[in-house]
Amino acid sequence: MNTTNQSTIKSIVIGSGFAGISSALRMRALGHDVILLERLDQLGGRARTFKKGKYTHDAGPTVITAPFLFNELFELFNEKLEDHLDFIHLDPYYRFYFSEEDEIFDYRSSIEDTQKEIKRFNEDDAEGYKNLLNESREIYDVGFKKLVHRPFNTIFSMISQIPALLRLKCYRTVWQMVCSHITNPVVRKAFSIHPLLIGGNPFTTTSIYALIHYLERKWGVFFCMGGTGKLVKELEKLMLRNKIVIKKKCDVKKINTQNNKVISIELDSGEIIEGDNCIFAGDPETCYRELLDQRSFFKSLLPEKKYSMGLYVLYFGTKKTYKDIAHHTIWMGGKYKSLLNDIFEKKVLGDDFSLYLHRPTATDKSFAPLGCDSFYVLCPVPNLKGNIDWNISGKELGDKIINALDSTILPNLKSNIEDVFWMTPEDFSSDYRSTYGAGFSIEPKLTQSAWFRHHNRHKNIENLYFAGAGTHPGAGLPGVISSAKVVQELITGKEVGSGE
Ligand SMILES: Cc1cc2nc3c(=O)[nH]c(=O)nc-3n(C[C@H](O)[C@H](O)[C@H](O)COP(=O)(O)OP(=O)(O)OC[C@H]3O[C@@H](n4cnc5c(N)ncnc54)[C@H](O)[C@@H]3O)c2cc1C
């Protein structure tokens, strides 16, 4: 093993979600020999692709924000993203459908159009929205520009940021921040859902994550033509062009250490791969518990981390097109706070739900045959800490969702739906090795953010790094891609820059 000559440093990256892919590309750009290992038969992790019958579905992420983070990955190798991919700016960003009120609210790509929409509900909230956006920008200027790509591995790094975090009132929740600017109950709901996009409850997530709102406003909301699956495919080609070794269908079952250093990893096949650095880009808790076997007595005395909600995702095609359905629709049920309490705290499936509906065919016809639509519906549900039998509830919940959509925004869905299948938290647990089948890893609460989140380098094992949703800065594509920058800084000692 040689750690003196840069060109022969060997980096092993475990997990091929966007965190793993970004880490592999960054290590390769530093001149390392890189091997990327993935347990599934395709790359992308939560961003893999499904095909069923005539329909294609992106399994997970669909909303692309901060697109420059993807440009940067191509620029590492003097290439341009535009030569390979086409990002389309969407308008509206999302359409909200409030089922109780039978009201639509469009969150538009321009501030003025969004304010017009808000005024239909409450004249004064249009100004309040501007104030909310301003406050979100202030958080973004610190949270995104200065902190998102920097390590929080030492308590000192946390302490030095406390004055800034207090100035930004990080002790408030996203919901409290939204309510300080907006009065209408419907508009309040619309502008407080952002934590749910990264696995948090708006009623407990620190307002630091309200920076997502400004991030969307500043950079826009995009869809990648061909879907997120196409994005993963092009990144895979970029890796292959640059001689990154990719191995699929290999589960890393053990990380071997000696004198507080990783010396090798062991695959389920028994194969041993040696390396100088190891970047684990799956669920860190799984790594500590199952790959390192670090179940110490003292650790068991600490309060357990709180995991994000689970996700139930229903995929289907329709034999007709629903041309009035926007690309992204958020279908809100009647309950909000109590529904979130059922999901996050009580961990029970209630009789109500709220949904995110993805209709890629609104922008890209390649997802379904002519005259048809491809859809997925994401429904936040309790993670596996709840006592739900998904063998029974999976089908029942799917039927309820189809009924609700049929009687509201997708009339005659029941007679047009085909090629239905779904993922439950059980699948998140077995496929991605996600603790409690969490949809996003640990919750983005104040006490689980920055220094309190899983660190990007192991405390004692000096060449073991962590990237991905469970680490700083957190879930969502901008977060996990930025986590690879944090790892790069830890390895090289040089700040990478937020890219902003
Ligand atoms: C349904 C859904 C919709 C979403 N929508 C959006 C969105 O629109 N926009 C957005 O920004 N974010 C969205 N997110 C969040 C975003 O998808 C995730 O935060 C992000 O993709 C996580 O990337 P990651 O690399 O950290 O982890 P993952 O994508 O989970 O990748 C981890 C990989 O590691 C592999 N792995 C784990 N353990 C091992 C092992 N021992 N050996 C080998 N391989 C291993 C897993 O198989 C997996 O492929 C969504 C998430 C979901 C689930």
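The domain assignment, whose bounds come from an automatic or database source, divides the protein chain into domain 1 (10–88 + 223–304 + 443–492), domain 2 (111–220) and domain 3 (310–432). Keep in mind as you look around that this is a predicted model, in which local features need pLDDT of at least 70, side-chain atom pairs count only at pLDDT 80 or more, and totals for chains, interfaces and linings use all residues. Residues are numbered from 1 along each chain as its sequence is written.

Let's start with how two of these domains meet. The C-alpha centres of domain 1 and domain 3 lie 27 Å apart. Across the boundary, 19 residues of domain 1 are in contact with 20 residues of domain 3, where contact is defined by C-beta atoms, placed from the backbone, lying within 7 Å. On the domain 1 side, strand E3 (49–52) and strand E4 (55–58) each supply at least two residues, and E4 gives the most, with four. Helices (H or I, at least four residues) and strands (E, at least two) are DSSP runs here, numbered from the N terminus. By residue type, the side of domain 1 that touches domain 3 divides into seven nonpolar, eight polar and four charged. In this scheme Ala, Val, Leu, Ile, Met, Phe, Trp, Tyr, Cys and Pro count as nonpolar, Asp, Glu, Lys and Arg as charged, and the others, Gly among them, as polar.

Now step back to the whole chain. The protein chain has 17 helices and 19 strands. Its radius of gyration, taken over C-alpha atoms, is 22 Å, close to the 23 Å from the globule rule (2.2 Å times the number of residues to the power 0.38) for 500 residues, so the chain is as compact as a globular protein of that length. The C-alpha trace spans about 65 × 55 × 50 Å along its principal axes. Of the 500 residues, 51% count as buried, meaning that 20 or more other C-beta atoms lie within 10 Å of their own; a residue is exposed with 12 or fewer, and partly exposed in between, with C-beta atoms placed from the backbone. Residues 24 or more positions apart account for 71% of the contacts with a separation of 6 or more.

Five bridges join E6 to strand E7 (residues 103–107), and the two run antiparallel; two strands pair if DSSP finds at least two bridges between them. The bridge partner of Phe 98 in E7 is Glu 103. E6 and E7 form a hairpin with four residues between them, and Asp 102 in the turn has a positive phi of about 55 degrees. E6 also runs parallel to strand E15 (residues 328–332), joined to it by four bridges, with Arg 95 opposite Thr 329.

Helix H9 (residues 211–219) is mostly covered too, with seven of its nine residues buried. What covers these buried residues includes helix H4 (125–147) and H17. Just after H9, Gly 220 takes a positive phi of about 95 degrees.

The peptide bond from Asp 91 to Pro 92 is cis, with omega near 0 degrees, and Pro 92 sits in the loop between strand E5 (87–89) and E6. A cis peptide bond also joins His 472 and Pro 473, with omega about 5 degrees; Pro 473 is in the loop between strand E19 (464–466) and H17.

Methods. Contact = placed C-beta atoms within 7 Å.
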